[in-house]
Amino acid sequence: MGKGAAKYGFKSGILPTARSILKNPTVKQKSLIDKVGAPKSKGVDGVGYADNIAHPKGSHRFSPEVKFVNVDELIAKTVANPRKVNVANTPQQEAKQQKAELRRKYLAEAFRNEEQRLLEQEEHLKRRQEKLEKERESEIAALSEPRSSDLTVPTLQSMLDMPLMRQRAPEEIEILKLKRKHNREMLRLRAQERKLDDLLKLYYVTDEFIVSEKDFLKRIDEVFASESSEALRTKLSVGASRPKTKNEKNIGDALFGSVGGGDHVGLPVIEEFLSGEMKTFADDIEAKSKALLDQKKRDLESIL
């Protein structure tokens with residue numbers, strides 16, 4: 001294998017060209033039949049040699065006729081069924097007959113599939129040519145269409161008929177739909193988080209709810225037992241320092257993710273615990289602390 005075999009996929013030699021299954025066009029290819037039967041052009045743009053001009057040696061003066069084949073007749077001639085069916089006496093003979101039958105079947109299918117592929121390819125090329133011609137005609141019509149703006153200034157009516165804003169492309173419309181869907185889902189998620197936060201606060205304050213007369217009397221005794229007037233006003237939210245304390249607690253809850261001024265665990269901490277982020281963070285801190293302690297021990301041992 002030579003040095004230049006890499007560009008051939010590390011294969012030595014040159015691969016043979018693929019041979020076509022049908023060597024001649026079929027009778028169902030109408031476009032080729034019409035093209036062959038069309039009269040040949042003459043003159044400077046014609047095909048062939050003049051009467052007083054000899055053709056080159058080794059070539060043909062006239063082009064050979066194009067032969068069109070019928071696939072059914074080709075199959076009947078090439079893979080015809082045997083005239084006499086011999087009875088297989090041994091397993092080897094039976095396997096040989098089965099292989100021959102499979103070869104005939106596959107070759108017939110290959111001929112028909114190749115004919116179908118050629119017809120589909122011809123139809124595809126025809127549709128593509130028609131599409132290109134329509135596009136070319138539309139471009140020519142758009143260029144030849146008279147424009148009033150080429151000769152005069154735009155009128156007020158023409159300016160009113162024009163759209164005030166550029167129309168969005170289909171891709172931009174799809175992106176806008178996705179953005180709106182994302183915003184709706186984010187608003188729904190935030191509303192659910194607020195509901196969960198309120199539910200969590202309600203769960204924490206249920207311990208202080210008075211649901212019976214016994215609890216009510218007990219609470220009154222606790223408040224008026226040995227409290228001064230200043231402490232009583234603070235508990236009843238009457239003092240001037242109460243709003244300031246409440247704001248400080250709200251700020252602390254927002255910073256540290258707690259509820260009730262740091263007395264209870266808030267929703268962010270619960271989410272971190274359920275997602276495993278808190279455990280991962282604690283494990284990282286513990287691993288780093290252990291690594292620092294080990295490093296200090298090694299440094300101390302090296303000094304001693």
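The model is predicted, so local features need pLDDT of at least 70 and side-chain atom pairs count only at pLDDT 80 or more, while totals for chains, interfaces and linings use all residues. Residues are numbered from 1 along each chain as its sequence is written, and side-chain values use heavy atoms, with hydrogens and water left out.

**The tyrosine pair**

The structure holds 1 aromatic pair. The ring centres of Y203 and Y204 are 5.8 Å apart and the planes stand at 55 degrees, so the pair is tilted. Rings of Phe, Tyr and Trp (its six-membered ring) pair when their centres lie within 6.5 Å; planes under 30 degrees apart are stacked, over 60 edge-to-face, and the rest tilted.

**The nonpolar patch**

Next select L196, L199, L202, V205, F209 and V211, which form a nonpolar patch on the surface with about 580 Å² of accessible area together. Such areas come from the Shrake-Rupley method with a 1.4 Å probe; for residues, only the protein chains shown count as cover. Patches are made of residues with over 30% relative accessible area and no salt bridge, like charges being joined within 9 Å and nonpolar side chains (Val, Leu, Ile, Met, Phe, Trp, Tyr) within 5 Å. Where is F209? It is in the loop between helix 5 (170-205) and helix 6 (213-224). F209 is partly exposed, with a relative accessible area of 44%. Helices (H or I, at least four residues) and strands (E, at least two) are DSSP runs numbered from the N terminus.

**Salt bridges**

How many salt bridges does the structure hold? There are 4, each defined as a side-chain nitrogen of Lys or Arg within 4 Å of a carboxyl oxygen of Asp or Glu. Side chains of opposite charge can pair when their charged atoms come close.

Three of them to select:

- E101 and R104, with the closest N and O atoms 2.5 Å apart. They sit 3 residues apart in helix 3 (residues 91-144), separated by about one helical turn. E101 is partly exposed at 40%, whereas R104 is buried at 18%.
- R117 and E114, with the closest N and O atoms 2.8 Å apart. Both lie in helix 3, 3 residues apart. R117 is partly exposed at 41%, and E114 is buried at 10%.
- K279 and D283, with the closest N and O atoms 3.2 Å apart. Both belong to helix 10 (residues 277-303), 4 residues apart, about one turn of the helix. K279 is exposed at 59%, and D283 is partly exposed at 36%.

**Q29**

Go to Q29, in the segment before helix 1 (30-37). Is Q29 buried or exposed? At 6% relative accessibility, Q29 is buried. A polar atom of the Q29 side chain lies 2.9 Å from the backbone nitrogen of T26. Leaving out residues up to four places away in sequence, Q29 touches L118, L119 and E122; contact means heavy atoms within 4.5 Å.

**The whole chain**

Zoom out. The protein chain has 10 helices and 2 strands. Of its 304 residues, 9% count as buried. The accessible surface comes to about 28000 Å², with 57% belonging to carbon and sulfur atoms.

Note on methods:
Buried < 20%, exposed > 50% of the residue type's maximum accessible area, 1.4 Å probe, protein only. Polar contact = N/O pair within 3.5 Å; in protein donor to acceptor, adjacent residues only side chain to side chain.
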